[in-house]
Amino acid sequence: MSKPRVVIVGAGHAGGSAAAFLRQYGFEGPIYLVGEEPLLPYQRPPLSKAWLKGEADADSLALKPDSWYAEADVALRLGGVAVEINRGARAVTLASGESLSYDFLILATGARPRMLPIEGADLAGVLALRTAADAETLKGALGPGRRLAIIGGGYVGLEAAASARALGAEVVVIERETRVLARVACPELSQFFQRYHGEHGVTFELNAGVEAFTGTDGKVAGVKLADGRTLPCDAVLVGVGAHPNDELAQDCGLDCAGGVVVDLEARTSDPYIFAIGDVAHRPLPLYDRQFRLESVPNALEQAKQAASAIVGRAGPTPEVPWFWSDQYDLKLQIAGLPFDADRILVRGDPATASFAVFHLKGDLVQAVEAVNAPPEFMAGKMLISRRTPVSIDKLADTTISMKEVAA
Amino acid sequence: MAKITYVEHDGTEHVLDVKPGLTVMEGAVKNNVPGIDADCGGACACATCHVYVDEAWRDKTGTASAMEESMLDFAENVEPNSRLSCQIKVTDALDGLVVRMPESQH
């Protein structure tokens, strides 16, 4: 009997890691890794931080060195675009015409930045930040005296704002909601981050609609707001969320719901096809629902789930979803998701730039957002996974250590 | 290059040449050594690159920062020689370093 063959479509953090875990777990069959970008799998989180500031290079971003792929016998199809999945024949067709048959297929196609369908969106200098190429373009648009307008006050936007300030650029963040991080964080945290960025010279336009980008000679020169003002700029970064690349899966009839629906083995509605990372709509057993997560820990956890299922070993223990963000000297660590929370408890003082916001459902911790507060993050993560009640009085009392609170 | 020996929990050894400037964690991840997950890629944000530094090397690898200490405080199976391998920069002085891995990183 010939050895099973795995094709991985998508060579980002999830796809690249799946290939590595398969080999770590002793998978001996052929592995094909298909990626649209011309680059080997690399880490995206540093793109808006260390890389933008010139503190990281292509080598340090790479998940594995070039030589690893040959040593691990992973066949690469970089610059390869999958155009069709034939589930009956168990084969993937690439734009080049090549057909790759599979015993197991892993979809790791990720998500793409949502762009604004407004006038001027196609002007040069209107940028997104998702790939190394995007980051390179953005970096070229920054520097002393340059003006960057950021549309969207989410994590990508704020991280880029911090990096752009470090590079000496003037930065304005334009946000449709009445606060930054409106979709992903509580008001206390929004307020803190807005104030901190303000102290570092970032200006904000909140509650502001963007009507159009204006330009001269095909290059962006301003952002026209709904109130009639036009803010001059040399470049625009659009950071208003991402859309899962689930079209391939939809076209071949896999269950999709704003992402490819998978189970705890990362298996789709077709037992021979898995979906992992940003594109997957996955179960969250701790919260009793399905959700799409965009994070490196999620990509790694699901890469392990799929690789484990393929080699027939026990899957990893389900993890508490977690996220992190670095801005200036702030380390933000988030554990859990605030689903069903009925109140918020702030531990510590935001004025000291070291505090944590706990999201509680009764006396259960659902999520914690910790700013320069690793014990609160680590203990909070533990409390979330245990699903045991916590003493609210102790949690609120900073003279009691998190070790004792979590004991 | 510094020769570093990574010992898995079950005793399996991986002897690697790691370029100075990288961290002990990066040396493991780039060579696909099992047992060092390094979810956050070296941001000192997750404690999934926990290792035990061989006694003979504890002085040379330096001491943990306050941030690293507080992450380790909540990791599992922590010992006095526990470190986060993403916080140990490889230098020529670490040629011969031996680190062991805990049973699990989570």
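What share of the contacts in chain A between residues at least 6 apart in sequence join residues at least 24 apart? With contact meaning heavy atoms within 4.5 Å, the share is 60%. The model is predicted, so local features need pLDDT of at least 70 and side-chain atom pairs count only at pLDDT 80 or more, while totals for chains, interfaces and linings use all residues. Residues are numbered from 1 along each chain as its sequence is written, chains are lettered from A and ligands numbered from 1 in the order in which they are written, and side-chain values use heavy atoms, without hydrogens and water.

Chain A holds 11 helices and 26 strands, taken as DSSP runs numbered from the N terminus (helices H or I, at least four residues; strands E, at least two). Its C-alpha trace spans about 65 × 65 × 35 Å along the principal axes. The radius of gyration of chain A is 22 Å, in agreement with the value near 22 Å for a compact globule of 407 residues; the radius is taken over C-alpha atoms, and the globule rule is 2.2 Å times the number of residues to the power 0.38.

Of the 407 residues of chain A, 54% are buried, that is, under 20% relative accessible area with a 1.4 Å probe and protein chains only. Cys233(A), at 2% relative accessibility, is buried, and Cys44(B) is buried at 6%.

Technical notes. Buried means under 20% relative accessible area, exposed over 50%, partly exposed in between (1.4 Å probe, protein chains only).
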